[in-house]
Amino acid sequence: MDDRLAELAGLVRKKNEADRAIARLIERPATPGNIGEFVASAVFFVRLMQSGSHPGYDGIFEEGPLNGKTVNVKTYSRHESILDISPHPCDYYLVLTGPRGESRHLPWAIDSVFLFDREP
């Protein structure tokens, strides 16, 4: 076996172990979107919908001036000034982005947070 392939296999095993641990913690698959929703729930007091595929929004703000408003949480590895808007209704989009610019390595990091009112 090529040494690089063997190295890759070892790294993928480690990544899968980390993903399993993250999934146990957040009680959903360890995807960037699910991780972002978990962070939003803890930091921005969002009560997540029970289903991870609720149409239109991921949760409801539970405190502050947005209490009771629905929110669709979007997570992007890079800040590329894009937003995937759903045709389903929600009150706000909460966008968590990584750093600006291109990269071969897309670490899970939050460099910027944006809140957009869907109906300006």
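Which residue's side chain does Arg 47 meet in a salt bridge? Select Arg 47 and Glu 62: their side chains meet in that salt bridge, at 3.2 Å from N to O. (A salt bridge is a side-chain nitrogen of Lys or Arg within 4 Å of a carboxyl oxygen of Asp or Glu.) Arg 47 lies in strand β1 (residues 46–48) and Glu 62 in the loop between β2 (59–61) and β3 (70–76), so this pair ties together parts that are 15 residues apart in sequence. Strands (E, at least two residues) and helices (H or I, at least four) are DSSP runs, numbered from the N terminus.

A word on what you are viewing: this is a predicted model, where local features need pLDDT of at least 70, side-chain atom pairs count only at pLDDT 80 or more, and totals for chains, interfaces and linings use all residues. Residues are numbered from 1 along each chain as its sequence is written, and side-chain values use heavy atoms, leaving out hydrogens and water.

Next, select Lys 74 and Asp 84. Their closest N and O atoms are 3.7 Å apart, in another salt bridge. Lys 74 sits in strand β3 and Asp 84 in the loop between β3 and β4 (92–97), so the pair ties together parts that are 10 residues apart in sequence. Lys 74 is buried, with a relative accessible area of 15%. (Buried means under 20%, exposed over 50% and partly exposed in between, with a 1.4 Å probe and protein chains only.)

Now go to Asp 2 and Arg 4, whose side chains form a salt bridge at 3.6 Å, N to O. Here Asp 2 is partly exposed at 41%, whereas Arg 4 is exposed at 65%.
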